[in-house]
Amino acid sequence: MDGFEFLVVGGGIAGLSAAIRLAGRGRVLVVTKDALAESNTAYAQGGIAVAMGGDEDVSLHLSDTVAAGDGLVNRQAAKMLVEQGPKRVDELLAWGTGFDRGAAGELLRTREGAHSLSRILHANGDATGREIARSLLKHARGIPVITLMEDTTTVELTVEEGRVVGALLLGADGKLFSVRVRAVLLASGGAGQVYSDTTNPAVATGDGIAMAYRAGAELEDMEFYQFHPTAFAKEGAPRFLMSEALRGEGAWLVNAAGERFMSRYHPQLELAPRDVVARAITREGLAGPVYLDMRHVEIDLAARFPGISAFLAKYGLKLNRDLIPVRPAAHYLMGGIKTDLHGRTSVPGLFAAGEAACTGVHGANRLASNSLLEGLVFGASAAETMAEEQGAGTQDKGVGKTAPPVPVDPAALEVWIAKLRKLMWEDAGLLRDGDGLRRAQGRLDGMIRGCPRGVTRREVEARNLLTVASVMVESALGREESRGAHYRSDFTGHWPVAKHSVMAKGRLRFQ
Ligand SMILES: Cc1cc2nc3c(=O)[nH]c(=O)nc-3n(C[C@H](O)[C@H](O)[C@H](O)COP(=O)(O)OP(=O)(O)OC[C@H]3O[C@@H](n4cnc5c(N)ncnc54)[C@H](O)[C@@H]3O)c2cc1C
């Protein structure tokens, strides 16, 4: 294999947007640890929030984003997001993304929680992410200097004299190889798999965040994890997302007594911020199941939400006819690898974008449908800065080393991972307190001894889950207040001044 100038870890919206933009500046290797089509991006349903309606819309998008973030949004980052968003979405359109259109060819927009306008573009009803991923992949495949390598796991970053110069990778053939490059972009997505109940696919194990941390990079706001209020809640069924767009189209939330209850919790009712709705459902759920009710909605819901309708049909349910059981599940990590507006981390040569990164654009709570836009805008901006990095890529080294044999029993490894995910759900989930978080910390510390050391994909993921979970718990313990998605029942008030948490090299600080 020839040398590359740039390594992009991840083939979701952030990674592919960056790779396309880097292509004019050198040879780009994009690796994904599963199939190329498998990413959080591909599962995004509701849509992409973008202010295509002129200046007023842009400023309202900014104020909605800032309000949702509960005092912690980096205003400059949010401004860049909403101002550059329309241009980036125009590019997507030019690359063939088929957003849904009305009879006259106009782009259709829907509304979601805490948005003051209908500004969310969607595709194939509720399959926005799959359509965006399809068009980005098609575009990237047509660019000769981009090499897309699937089933290739990044095991560790290579750091020399404080600078990231490449990475160690595990190929589809089970062999380890290393790549040296001018710059590495971590666009490796979120960490929903740290919790037992999540809407995220299996790839979301926080690998990039854990690798960056081990390489000495600062992580920011890792205690802010968003729990989606409405994941499907039937025993034995996956926690499939019941998109917020259902509530945007008029769905009510009703409790076991058939009572619509959101008026007791927030004036925006079902379209209140996600953390408010998630906590309300958890409280109402103590008395029995909570349901989405769309029986009064007059549009053809099977046509508007074909993916969700097909999923529900497997359980004999229809949106227009039945109550749909829902409860919260882990969904989105607001924190991540601390970056500036150009994707730079605190370690030279290392960049991050998308859900793996923390630009501060979401603050303590993400506004619905802002994350696809974040990947698009900040993936592109990271690429522009990476292109300016000095140094040259060189030939790969160490090609052909075979991975050592699996040192642990795969079944035992799955038990170890399941234990970690369950304890995180129980003690570091939606409602937290000091006792639970300290218990989680003790249990995580106790798991270090059994932590696998090998380099199969699953062992790498297990190690990364432990690293990410430990940082999340430590940051949540340190934040003795409730803010945004971080709710402590023992500290329900706000600190007088909003501060970010920063964790690096085992030390937590608030600034
Ligand atoms: C069910 C669901 C619905 C959602 N709906 C919406 C929505 O409607 N609107 C919205 O804005 N957001 C939505 N989101 C959130 C949004 O999809 C994600 O935040 C966003 O897609 C993240 O993009 P990304 O490029 O950062 O990472 P991802 O799309 O998650 O891509 C991560 C990539 O990194 C690769 N990777 C990870 N670790 C490694 C490794 N060690 N080595 C090699 N490769 C690795 C993966 O294989 C993958 O290719 C939703 C999320 C889910 C789960």
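A crossing of two helices is called left-handed if the near helix is turned anticlockwise from the far one by less than a right angle, and right-handed if clockwise. In this predicted model, local features need pLDDT of at least 70 and side-chain atom pairs count only at pLDDT 80 or more, while totals for chains, interfaces and linings use all residues. Residues are numbered from 1 along each chain as its sequence is written, and side-chain values use heavy atoms, with hydrogens and water left out.

On that definition, α12 passes α14 in a left-handed crossing. Helices (H or I, at least four residues) and strands (E, at least two) are DSSP runs numbered from the N terminus. The axes of α12 (residues 410–427) and α14 (residues 457–478) come within 11 Å and cross at roughly 20°; such axes are lines fitted to C-alpha atoms, for helices over the stretch in contact, with angles running from 0 to 180 degrees between N-to-C directions. The two helices therefore count as roughly parallel (angles under 35 degrees; over 145 is roughly antiparallel, 65 to 115 roughly perpendicular, and the rest oblique).

As for who meets whom, α12 brings Leu413, Glu414, Trp416, Ile417, Leu420 and Met424 into contact (heavy atoms within 4.5 Å) with Arg458, Glu459, Ala462, Leu465, Leu466, Ala469, Met472 and Val473 of α14. These residues split into 11 nonpolar, no polar and 3 charged, where Ala, Val, Leu, Ile, Met, Phe, Trp, Tyr, Cys and Pro count as nonpolar, Asp, Glu, Lys and Arg as charged, and the others, Gly among them, as polar.

Turning to the strands, Thr154 sits in β7 and is buried at 5% relative accessibility (buried is under 20% relative accessible area, exposed over 50%, partly exposed in between, with a 1.4 Å probe and protein chains only). Leaving aside residues up to four places away in sequence, Thr154 touches Val9, Val31, Ala167, Leu168, Leu169, Met211 and Val460.

Two residues other than glycine turn up with positive phi. Glu161, with phi near 50°, is in the loop between β7 (153–160) and β8 (163–170) and is exposed at 85% relative accessibility. Ala114 has a phi of about 65° and lies in the loop between β4 (109–110) and β5 (120–121), but Ala114 is buried, at 15%.

Finally, the cysteines. The structure holds 0 disulfides, a disulfide being a pair of cysteine sulfur atoms within 2.5 Å. Cys358 is buried at 2% relative accessibility, and Cys451 is buried too, at 9%.
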